[in-house]
Amino acid sequence: MDVKDANSALLSNYEVFQLLTDLKEQRKESGKNKHSSGQQNLNTITYETLKYISKTPCRHQSPEIVREFLTAMKSHKLTKAEKLQLLNHRPMTAVEIQLMVEESEERLTEEQIEALLHTVTSILPAGPEAEQKKNTDDVAMDEEDPA
Amino acid sequence: MFVLVEMVDTVRIPPWQFERKLNDSIAEELNKKLANKVVYNVGLCICLFDITKLEDAYVFPGDGASHTKVHFRYVVFHPFLDEILIGKIKGCSPEGVHVSLGFFDDILIPPESLQQPAKFDEAEQVWVWEYETEEGAHDLYMDTGEEIRFRVVDESFVDTSPTGPSSAEATSSSEELPKKEAPYTLMVGSISEPGLGLLSWWTSS
């Protein structure tokens, strides 16, 4: 077996999630040979990887959302690896952005970091826990509002 | 986290599977060979992405099966340098904190990379970060099952192919069983940067 290119493309977590869910559907439909010993490895790895990715915010993304996100990111001048990390992790605080973007203090001003955060949180859908937290925050804010 | 790797291999299809579509048989054989296995210097293979080219299939004398050279792309887990990942703490030992991603377990945070000052609590077998503030020292425990954010700094691939018979003769029979080494280990860089470490340390209420 030869490896022609060990790094031909980077995949986002969403793409892998999509691929594995489609694979699971296909195998469910064809039925019979799922449990043969040879397929056990594939079953294990797809189950575990799907379990891991389902807990990240990637499960609510779609190709249109990813495209929209990448077009919005063009203006911020980030490397491919940085955009991929933002897409996979959906940072909600400036601290997380500083982790994922190299030398962010020199390359981005505070307003730019805020704008970046805003783009990320507005275009990428949140995971279910974040939605719940947002709802309780909104309720708390409504209670404070005297109007 | 995941990359696409282009590979070429010759796949053998036994005669009793000739009635199936060639593409399906080949996909199944490739997955059987590579899924959940570590390829040296490439990463942990997850599943087949697609088949890019199928060359002519040959039947060789003496073997009724067909051999087909296949060019294909495989999804491989291979985080790049300095990538940020989120995993669960599997356990602590004097060697450091062991983190798992569910599908990949061999991630180690050596004690030098933990937030300083950190000490190993022997009684509870956990690593503790002694965080000093004006009020006094807080002990932040790295408990099992907690989610942790870390940065990948190094990886090591170990060739675990079996050794040949010549070395077996040289070793005496009283030697212990060979150590089971993980074929692919990730070494984690410092988690002392702001934002890294247990997720619960950074989520502000």
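The model is predicted: local features need pLDDT of at least 70, side-chain atom pairs count only at pLDDT 80 or more, and totals for chains, interfaces and linings use all residues. Residues are numbered from 1 along each chain as its sequence is written, chains are lettered from A and ligands numbered from 1 in the order in which they are written, and side-chain values use heavy atoms, with hydrogens and water left out.

Chain A has 8 helices and 1 strand. Chain B has 3 helices and 13 strands. Helices (H or I, at least four residues) and strands (E, at least two) are DSSP runs, numbered from the N terminus. Over all chains there are 8 salt bridges.

**Chain A**

- The pattern along the sequence is β-α-α-α-α-α-α-α-α.
- Of the 147 residues in chain A, 38% are buried. Buried means under 20% relative accessible area, exposed over 50%, and partly exposed in between (1.4 Å probe, protein chains only).
- The accessible surface of chain A is about 9000 Å², and carbon and sulfur atoms hold 51% of it. Accessible areas come from the Shrake-Rupley method with a 1.4 Å probe; for residues, only the protein chains shown count as cover.
- Of the chain A contacts between residues at least 6 apart in sequence, 66% join residues at least 24 apart. Contact means heavy atoms within 4.5 Å.

**Chain B**

- Chain B has 205 residues, and 43% of them are buried.
- Its accessible surface comes to about 10900 Å², with 52% belonging to carbon and sulfur atoms.
- Among chain B contacts with a separation of 6 or more, 65% are between residues 24 or more positions apart.

**Salt bridges**

- A salt bridge here is a side-chain nitrogen of Lys or Arg within 4 Å of a carboxyl oxygen of Asp or Glu.
- A:Glu82 pairs with A:Arg107 in one of these bridges, with the closest N and O atoms 3.1 Å apart. A:Glu82 lies in helix 4 of chain A and A:Arg107 in helix 6 (residues 104–107) of chain A, so the pair ties together parts that are 25 residues apart in sequence.
- A:Glu82 is buried, at 4% relative accessibility. A:Arg107 is partly exposed, at 34%.
- B:Arg149 and A:Glu96 form a salt bridge through their side chains (3.6 Å, N to O). This pair joins two chains, because B:Arg149 lies in strand 11 (residues 147–157) of chain B and A:Glu96 in helix 5 of chain A. Both B:Arg149 and A:Glu96 are buried.
- B:Lys32 bridges to B:Glu29, with the closest N and O atoms 3.8 Å apart. The two residues are separated by about one helical turn, because they are 3 residues apart in helix 1 (residues 22–34) of chain B.
- B:Lys32 is partly exposed, at 31% relative accessibility.

**Negative surface patch**

- A:Glu102, A:Glu103, A:Glu105, A:Glu106 and B:Asp82 make up a negative surface patch.
- Patches are made of residues with over 30% relative accessible area and no salt bridge; like charges are joined within 9 Å, and nonpolar side chains (Val, Leu, Ile, Met, Phe, Trp, Tyr) within 5 Å.
- Lys and Arg count as positive and Asp and Glu as negative, while His and the chain ends are not counted. The place of a charge is NZ of Lys, CZ of Arg, CG of Asp or CD of Glu.
- B:Asp82 sits in the loop between strand 4 (66–77) and strand 5 (84–93) of chain B. Its relative accessible area is 32%, which is partly exposed.

**Positive phi**

- Most residues other than glycine have a negative phi.
- A:Arg90 is not a glycine, yet has a positive phi of about 50 degrees. A:Arg90 is in the loop between helix 4 (80–89) and helix 5 (94–100) of chain A. A:Arg90 is buried, with a relative accessible area of 9%.
- B:Asn41 also has a positive phi, near 65 degrees. The loop between strand 2 (38–39) and strand 3 (43–59) of chain B holds B:Asn41. B:Asn41 is partly exposed, at 48% relative accessibility.

**B:Trp202**

- B:Trp202 lies in helix 3 (residues 199–202) of chain B and is partly exposed, at 34% relative accessibility.
- Leaving aside neighbours within four places in sequence, B:Trp202 is in contact with B:Glu193, B:Pro194, B:Gly195, B:Leu196 and B:Gly197.
- B:Trp202 and B:Leu85 are 15 Å apart, C-alpha to C-alpha, and 117 residues apart in sequence.
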